[in-house]
Amino acid sequence: MGGVSTVGDRVDRVPKQDRSRATRQRLLEAAVACLAEHGWAGSTVSVVAERAGVSRGAAQHHFPTREDLFTAAVEYVAEERSTALRALFPEGAAGDRRAVVSALVDLYTGPLFRAALHLWVAASNEDQLRPRVTELEARVGRETHRIAVDLLGVDESCPGVRETVQGVLDMARGLGLANLLTDDAGRRDRVVAQWGLLLDEALG
């Protein structure tokens with residue numbers, strides 16, 4: 001009897017775990033969307049829970065504090081974007097550095113960057129949030145840098161290469177900032193093309 005009960009419990013538990021995982025993912029995606037659209041001040045746990053279609057209690061079960069929710073949300077989507085960036089070039093970038101630069105720039109012109117920017121601004125004024133966001137951004141930055149090095153096919157042991165790759169990422173972030181206020185696609189395309197040429201000259 002006990003064995004049958006254990007099996008039944010296990011069967012019941014699997015769907016519950018799946019539901020819990022799905023709820024958590026909905027909350028994370030809703031948090032990023034709210035942060036991108038409404039900023040920190042307009043993004044409360046209640047607002048996110050309503051958007052995700054779950055109760056406030058369920059939201060707090062997964063994320064006890066507002067800071068837990070929003071740092072986890074930006075980290076989650078950053079990881080998703082990193083995965084998507086790698087998936088764009090499953091066989092490598094085949095030396096097409098302009099395509100790589102364009103993909104990196106795209107990382108900084110979507111809702112993730114907008115949400116992250118709101119989080120940075122909030123962290124500059126919120127002592128509880130600042131160390132968590134600083135750590136998160138350092139981790140995301142290292143991962144993006146590693147992906148860029150791999151896709152550009154460069155050797156960081158060569159003098160100046162690391163700084164050149166970091167310059168590309170800093171440029172991409174700057175283009176993302178410019179895109180917050182106006183659609184900057186035309187100028188962005190010209191800048192990306194020029195950086196592709198510069199990288200071929202600088203990195204060989």
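A crossing of two helices is left-handed if the near helix is turned anticlockwise from the far one by less than a right angle, and right-handed if clockwise. In the predicted model described here, α4 passes α6 in a left-handed crossing, whereas the crossing in which α7 passes α8 is right-handed.

The protein chain contains nine helices and zero strands, and its pattern, read along the sequence, is accordingly written α-α-α-α-α-α-α-α-α. The C-alpha trace of the protein chain spans about 70 × 45 × 30 Å along its principal axes.

The packing of α4 against α6 is described by an angle of about 150° and by axes that lie 10 Å apart. Since angles over 145 degrees count as roughly antiparallel, α4 and α6 are therefore roughly antiparallel to each other. On the side of α4, the contact involves Phe70, Thr71, Val74, Val77, Ala78 and Arg81, which meet Leu112, Ala116 and Leu119 in α6. Divided by class, the residues of this contact of α4 with α6 comprise seven nonpolar, one polar and one charged.

For α7 and α8, the axes are 10 Å apart and the packing angle is about 110°, an arrangement that makes α7 roughly perpendicular to α8. In the contact between these helices, Thr144, His145, Ala148, Val149 and Leu152 of α7 meet Arg162, Val165, Gln166 and Leu169 of α8. The residues of the contact of α7 with α8 divide into five nonpolar, three polar and one charged.

Helix α8 also packs with helix α9, which is formed by residues 185-203, at an angle of about 180° and with the axes 12 Å apart; α8 and α9 are therefore roughly antiparallel to each other. From α8, the contact draws on Val161, Thr164, Gly167, Val168, Met171, Leu175, Ala178 and Asn179, while α9 contributes Arg187, Arg188, Val191, Trp195, Leu199, Ala202 and Leu203. The contact of α8 with α9 has, by class, ten nonpolar, three polar and two charged residues.

The largest pocket holds about 270 Å³ of space and is lined by 17 residues, of which Tyr108, Leu112, Glu137, Val140 and Thr144 lie nearest its centre. At least two residues of the lining of the largest pocket are supplied by each of α4 (66-88), α6 (111-125), α7 (130-152) and α8 (161-181). The pocket lining comprises ten nonpolar, four polar and three charged residues.

Technical notes:
Residues numbered from 1 in each chain as written. Predicted model: local features only at pLDDT ≥ 70, side-chain atom pairs only at ≥ 80, totals over all residues. Heavy atoms only, no water. 1 Å grid on protein atoms, 1.4 Å probe; cavity = no way out; pocket = protein on both sides within 12 Å on 5 of 7 lines; lining within 4 Å. Points joined across faces, edges and corners; volume = space filled by probe spheres on them. Helix = DSSP H or I, 4+ residues; strand = E, 2+ residues; numbered from the N terminus. Nonpolar A, V, L, I, M, F, W, Y, C, P; charged D, E, K, R; others polar. Axes fitted to C-alpha atoms, helices over the stretch in contact; angles between N-to-C directions. Parallel < 35°, antiparallel > 145°, perpendicular 65-115°, else oblique. Contact = heavy atoms within 4.5 Å.
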